[in-house]
Amino acid sequence: MTSTSPAQASIRSNTVKPSLSRRFCVAPMMDWTTSHYRYLARLLSRHTLLYTEMVTTGALIHGDTDRFLRHDPAEYPLALQLGGSDAGELAHCAKLAEQFGFDEVNLNVGCPSDRVQNNMIGACLMAHPDRVAEGVRAMADATSLPVTVKHRIGIDGRDSWDQLCEFVEKVAGAGCRTFIVHARIAILEGLSPKENREIPPLNYDWVYQLKQRYPHLEIIINGGIKTFAEVHQHLAHTDGVMLGREAYHNPWLLAGVDPEFFGAPAPFHTPHEALRAMLPFIRSELERGVYLGHISRHLLGLFHGMPGGRQFRRYISENAHKAGAGLEVIEEALARVREPEASPIVTA
């Protein structure tokens with residue numbers, strides 16, 4: 001008899017999932033959008049669509065599947081991002097995504113690192129639209145979940161408007177209806193992943209033009225977006241917006257998403273309230289053997305730009321790594337930040 005994993009057991013509970021909207025999303029980010037960050041993000045916004053870190057098909061098939069796909073039902077709506085290019089492996093992993101309760105399965109065609117290129121993963125696949133289409137078709141046939149693709153507007157040597165349209169048309173023909181477009185090319189030779197997020201110029205107009213040319217497709221824009229004013233500007237031309245590093249380094253920004261973009265009340269009025277609401281989750285993670293530092297590193301930006309925020313970060317950084325560090329470290333750090341009657345949501 002096959003045993004039921006903790007993750008699968010939690011999924012089979014009577015949790016009611018909120019509806020999925022891609023109007024506002026937080027990007028998948030390696031080492032950052034872990035389940036611990038996603039739990040915090042979900043506390044701050046009920047409607048933001050969250051994405052996992054990229055997980056390779058090989059890791060899921062040959063590694064600790066439960067560990068890679070473990071999440072709390074409180075994180076929904078939640079999308080799994082896959083890295084891979086073999087159609088059979090992608091189909092298998094799409095089935096796993098559905099079994100583990102994810103709301104969407106996304107294929108990474110944007111990561112520029114050498115390591116993933118060597119395994120035919122990420123942005124290098126933009127040079128192989130037929131292969132991407134084959135993988136998308138296999139995934140769509142294997143699951144009832146929406147299958148989406150996150151990609152660049154091009155790569156070095158394949159960076160024309162016509163080549164971008166060819167890519168979108170072939171992948172759309174395989175059954176993809178949602179394209180998350182990082183509005184930069186990726187330079188695969190000569191730039192690091194960090195440089196690829198900064199050096200190639202942003203070209204938002206091409207993303208706008210994709211929506212104009214393919215109005216039947218859902219086009220989500222990504223890249224360099226930091227403020228709600230910018231989000232509104234992009235929403236005038238696209239179906240949704242995806243933020244990356246700004247949503248991580250300044251997570252309290254997410255507390256303004258629900259009232260600003262979904263007409264719903266903010267879940268909390270101060271970051272203090274949000275962090276207190278997270279304490280039971282942190283306690284449960286500690287009880288199952290997670291080191292405090294693995295959780296607390298995602299909290300460092302919660303009081304970004306606020307009086308006492310630096311002292312909060314310093315206390316956690318100096319104490320969370322110590323042997324036996326527990327919930328008291330978070331409580332002591334929180335006590336160093338004066339709580340106002342309400343913290344204004346940062347929108348610009």
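The questions and answers below concern a predicted model and the grounds for the terms applied to it.

Q: Why is F68 called partly exposed?
A: The relative accessible area of F68 is 30%. Buried means under 20% and exposed means over 50%, with partly exposed in between, so F68, at 30%, is partly exposed.

Q: Where is F68 placed, and which residues does F68 contact beyond its neighbours within four places in sequence?
A: F68 belongs to helix α4 (residues 65–69). Leaving aside neighbours within four places in sequence, F68 is in contact with V55, A59 and L60. Contact here means heavy atoms within 4.5 Å.

Q: What makes β2 largely enclosed by the rest of the structure?
A: Five of the seven residues of β2 are buried, so β2 is largely enclosed.

Q: Why are β1 and β2 called edge strands?
A: The open sheet has eight strands in the order β1-β8-β7-β6-β5-β4-β3-β2, with parallel pairing. β1 and β2 (50–56) each pair on one side only, and these are the edge strands. From one strand to the next, the twist averages 25 degrees.

Q: How do you know that β2 and β3 pair?
A: Five bridges join β2 to β3 (residues 78–83), and the two strands run parallel. Pairing requires at least two bridges, so five bridges make β2 and β3 a pair. L50 stands opposite L78 in β3.

Q: Which helices pack on the sheet, and at what angles?
A: Among them is α5 (residues 87–99), which touches β3 and β4 (104–109); the direction of α5 makes about 160 degrees with that of β3. Another is α11, which touches β1, β7 and β8, with its direction at about 145 degrees to that of β8.

Q: What puts the buried residues of α11 on the same side of the helix?
A: In α11 (residues 228–235), the buried residues are F228, V231, H234 and L235. They cover an arc of only 115 degrees around the axis, which puts them on the same side of α11. An α-helix has 3.6 residues a turn, so residues three or four places apart point the same way. The buried residues of α11 pack against β1 (24–26), α10 (204–213), β7 (218–222), β8 (240–243) and α13 (257–261).

Q: How many cavities of 30 Å³ or more does the structure hold, and what lines the largest?
A: The structure holds one cavity of 30 Å³ or more. The largest cavity has a volume of about 30 Å³. Its lining consists of M126, I153, G154, I155, R158, Q163, L164 and F167. β5 and α8 (161–173) are the elements that give two or more residues to this lining.

Q: What makes up the lining of the largest pocket?
A: The largest pocket holds about 860 Å³ of space and is lined by 35 residues. P28, M29, H182, R197 and R245 lie nearest its centre. The elements giving two or more residues to the lining are β4, α6 (114–117), β5 (147–155), β6 (178–186), α9 (193–196), β8 and α12 (245–249). α12 gives the most, with three residues.

How values were computed:
Residues are numbered from 1 along each chain as its sequence is written. This is a predicted model: local features need pLDDT of at least 70, side-chain atom pairs count only at pLDDT 80 or more; totals for chains, interfaces and linings use all residues. Side-chain values use heavy atoms; hydrogens and water are left out. Buried means under 20% relative accessible area, exposed over 50%, partly exposed in between (1.4 Å probe, protein chains only). The arc is that of the directions from the helix axis to the C-beta atoms. Axes are lines fitted to C-alpha atoms, for helices over the stretch in contact, and angles run from 0 to 180 degrees between N-to-C directions. On a 1 Å grid over the protein atoms alone, a cavity is a set of points where a 1.4 Å probe fits but cannot get out, and a pocket is an open set with protein on both sides within 12 Å along at least five of seven lines; lining residues have an atom within 4 Å of a point. Grid points are joined across faces, edges and corners, and a volume is the space filled by probe spheres set on the points.
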